[in-house]
Amino acid sequence: MNSNLDAADTAMQLRTVLHRRFRSDTGTEFVYVATSAAILGLDPLASSIVDAFAAPGGTAAATWLATHPEPADAETALHDLIDLGVIRPVGEAEAPRAQLPPMPFPISTPVLNVTNKCNLSCTYCYEYGADRLTSGTGSAGTGKARMSDDTARASIDFLLRSCGDRPQVSITFFGGETLLNFPAIRAATEYAEQRGREYRKRVHYSLTTNATLLTDEVIDFLTTHRFGITVSIDGDRGQQDRHRTYRSGEGSFDVIEPQIRRLLAANKQKQGRAIGARVTLTSGAAPVRATYDFLTKELGFDEVGFAPVTAGLGRTYALGEQGYERLLREFGELAEDYVAAAVRGESHGFANLGDLLRELHQGINKAHPCGAGLGLLGVSTEGDLGLCHRFVESKDHGLGNVATGLDQGLRSAFLQRAHVDSKTDCTQCFARPLCAGGCYHEAHVRYGDATHANLHYCEWIRGFVDLGLRTYARIVTANPRFLGRFDTP
Ligand code: SF4
Ligand code: SF4
């Protein structure tokens, strides 16, 4: 529709598209437009128009304008909202989206499972616990326990052959406990440095570890190569030792604490990248704010991300409905601290909220929930390719091998099935641009189908996105300059 309402347009029934209203502390109104992922400020007139055209059957523009005390202003404001895609003719089909980006989509981030062994025996582990995808009899599945140096190097060659024109690539190391195979990490990193120079690619490295094996040699290597490091830790001694134990049942906190302190000190000294803690949230966990404060103020982590545990039905550690409600409340409490810091122009390390604000600020509108199968691929200890690190030993989700290449047909077929437009449950959800149906692994564990929408946590996702929107409104009205840090990806 063009921006001037002609006679036919004014007779037309118009209505708002899928959206979410929210406001700042000072009462400034905003709308999140789910079809475009845009955030728009609304003045009182625009706000009243969004209300007036919200009825499912639509409203005739001419009828509404005829009753308005300032019809000329109202018509201009209505035109603006039509042009911005907030109001559209009833029954107008959404512009079709590309099913897939141009293929073969370049790889940016292989996740190398350098080992499928772990020296801990965490109750809730998807790798070793009841919800793992593999059924083999080995340490954690059917693959070799450790990736060889040759396979690690072959993974780098595969990346450099498959990354297209990307100027930078990232290599992520994962496990099991990643540092059980430090030689493969070293081999891959040194090889990537050399080959990256030949290919003129900038290579970044990251790794997730349980911190039990952080020797001085390892710390020196990781900080020298500016690794992005994530430590899996659930909080203070009491929290950590609830689930994160050795096979003997002994807790791991006393082992990891001094090593984490040495890692953080060395990283600070070398002005390395931010080091994050990743907390798995289970039923009965300590309050989020207390855990955040402990990990940042007592231990010195730069940021903390919280992840509700992935669990099949009936697991005692799973977060039930009440657990998610509590979590949302506690995320709200930590968001207060985030806003206070943002108003002062200071960073805050609540990673979940920071990531969400970045996506909102950049207008991210996802067709797929994450990069798995797109830029990101998992690589098993034997070099087999999977959607991501959680799928690498699942025969049903295999996508090829680093030596023989990626099966583009299987990859495209999966991504087509997993596209958010194929998830009919998600069509009327305002959180769709950010969630897109949620994690494939979570869906596989819950529904036996990685392309299923994660309907068991919709309320949680919508609640969290809503919290993000309200937080965005508070920051953009109190200190908009703070959001400049989210301008670049
Ligand atoms: S899974 Fe649920 S929250 Fe996510 S987009 Fe679909 S309906 Fe929305
Ligand atoms: S499928 Fe899930 S675990 Fe794998 S990369 Fe995506 S969000 Fe992460």
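Helix H16 contributes most to the shell around ligand 1, giving three residues. The model is predicted: local features need pLDDT of at least 70, side-chain atom pairs count only at pLDDT 80 or more, and totals for chains, interfaces and linings use all residues. Residues are numbered from 1 along each chain as written, ligands are numbered from 1 in the order written, and side-chain values use heavy atoms, without hydrogens or water.

The shell around ligand 1 consists of Asp425, Cys426, Cys429, Arg432, Cys435, Gly437, Asn454, Cys458, Ile461 and Arg462 (a heavy atom within 4 Å). By class, the shell has five nonpolar, two polar and three charged residues. Cys counts as nonpolar, and Gly as polar.

Ligand 1 sits in the largest cavity (more than half of its atoms within 2 Å of the grid points). A cavity is a set of points on a 1 Å grid over the protein atoms alone where a 1.4 Å probe fits but cannot get out; lining residues have an atom within 4 Å of a point. The volume of the largest cavity is about 120 Å³. Of its 14 lining residues, Cys426, Cys429, Cys435, Gly437 and Cys458 are the closest to the centre. H16 again gives the most, with three residues of the lining. The lining comprises nine nonpolar, two polar and three charged residues.

Methods:
On a 1 Å grid over the protein atoms alone, a cavity is a set of points where a 1.4 Å probe fits but cannot get out, and a pocket is an open set with protein on both sides within 12 Å along at least five of seven lines; lining residues have an atom within 4 Å of a point. Helices (H or I, at least four residues) and strands (E, at least two) are DSSP runs, numbered from the N terminus. Grid points are joined across faces, edges and corners, and a volume is the space filled by probe spheres set on the points.
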